[in-house]
Amino acid sequence: MGRWWRGRWELLPALAEKPSTFLRSLDAQVYDIGRRFSESWGHAVVEGMLTDAVPLIPGSTRHHLHLLVPHGVAGFHNKTRRDWRRHAQLLQSDVPLRSRMSRAASEYVREELCIAKKHRAVWQAVLGE
């Protein structure tokens with residue numbers, strides 16, 4: 001490991017904490033993917049939203065994450081480094097905004113993506129059916 005994380009991060013052994021406990025401890029979830037990677041659906045983003053984490057995702061249409069996260073309501077789509085930084089700082093400094101977006105993220109997933117009929121409709125839109 002490089003030196004960048006020393007003093008700022010605590011690395012836990014595998015299964016030291018239940019995943020649900022860890023996810024519930026997050027205020028935000030930064031989910032960036034490399035330029036050559038294409039996300040198939042984004043289960044990790046949905047799971048984070050279910051535990052009230054506000055997602056910050058790439059603002060690209062090369063994947064389907066933008067269909068899971070209503071921008072500015074339940075999370076942020078980010079196209080540039082400046083976007084990532086600005087949105088992360090905004091969530092850190094504006095507690096009422098973070099609280100509203102946290103509730104909105106959780107409600108959106110429960111009302112739109114956890115209902116089989118609505119979830120299938122999103123998939124059909126993605127697949128062009």
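Mentor: Let us begin with helix H3 (residues 81-93) and H4, whose axes come within 5 Å and cross at roughly 105 degrees. The model is a predicted one, in which local features need pLDDT of at least 70 and side-chain atom pairs count only at pLDDT 80 or more, while totals for chains, interfaces and linings use all residues. Residues are numbered from 1 along each chain as its sequence is written, and side-chain values use heavy atoms, with hydrogens and water left out.

Trainee: Why is H3 called roughly perpendicular to H4?

Mentor: Angles of 65 to 115 degrees count as roughly perpendicular, those under 35 as roughly parallel, those over 145 as roughly antiparallel, and the rest as oblique. The axes are lines fitted to C-alpha atoms, for helices over the stretch in contact, and angles run from 0 to 180 degrees between N-to-C directions. The crossing of H3 and H4 is roughly 105 degrees, and that makes H3 roughly perpendicular to H4.

Trainee: Which residues meet there, and how do they divide by class?

Mentor: Leu90, Leu91, Gln92 and Ser93 in H3 meet Val95, Leu97, Arg98 and Met101 in H4, where contact means heavy atoms within 4.5 Å. These residues divide into five nonpolar, two polar and one charged.

Trainee: What makes H2 and H4 oblique to each other?

Mentor: Helix H2 (residues 43-50) and helix H4 (residues 95-113) pack at an angle of about 120 degrees, with their axes 7 Å apart. H2 and H4 are therefore oblique to each other. Val46, Met49 and Leu50 of H2 make this contact with Ala105, Ser106, Tyr108, Val109, Arg110 and Leu113 of H4. By class, the contact of H2 with H4 holds seven nonpolar residues, one polar and one charged.

Trainee: How do you know which term applies to H4 and H5?

Mentor: H4 and helix H5 (residues 116-127) pack at about 90 degrees, their axes 6 Å apart. H4 and H5 are therefore roughly perpendicular to each other. Glu111, Glu112 and Leu113 of H4 touch Lys118, His119 and Val122 of H5. The contact of H4 with H5 has two nonpolar, one polar and three charged residues.

Trainee: What are the helices and strands of the chain, as counted here?

Mentor: The protein chain has five helices and three strands. Helices (H or I, at least four residues) and strands (E, at least two) are DSSP runs, numbered from the N terminus.

Trainee: Why are S1 and S3 said to stand at the edges of the sheet?

Mentor: The open sheet has three strands in the order S1-S2-S3, with parallel pairing. Strand S1 (28-30) and strand S3 (76-78) each have a single partner strand, so one side of each is left without a neighbour in the sheet. Two strands pair if DSSP finds at least two bridges between them. Strand S2 (residues 54-58) and S3 pair over three bridges. Pro58 has Asn78 in S3 as its bridge partner.

Trainee: Why does Ser106 count as buried?

Mentor: Buried means under 20% relative accessible area, exposed over 50%, and partly exposed in between (1.4 Å probe, protein chains only). Ser106 has 8% relative accessibility and therefore counts as buried. Ser106 lies in helix H4. Apart from neighbours within four places in sequence, Ser106 is in contact with Met49, Leu50 and Asp52.

Trainee: Where does Asp52 lie, and is Asp52 exposed, partly exposed or buried?

Mentor: Asp52 is in the loop between H2 and S2. Its relative accessible area is 35%, so Asp52 is partly exposed. Leu15, with 80%, is exposed. Leu15 belongs to the segment before helix H1 (19-24).

Trainee: What makes a group of residues a nonpolar core?

Mentor: A nonpolar core is a set of buried Ala, Val, Leu, Ile, Met, Phe, Trp, Tyr and Cys residues joined through side-chain atoms within 4.5 Å. In the largest one, of 16 residues, Val45 and Met49 touch the most other members. H2, H4 and H5 are the elements that give two or more residues to this core, and H4 provides the largest share, four residues. A second, separate core of seven residues includes Leu56, Phe76, Leu91 and Met101.

Technical notes: Nonpolar A, V, L, I, M, F, W, Y, C, P; charged D, E, K, R; others polar.
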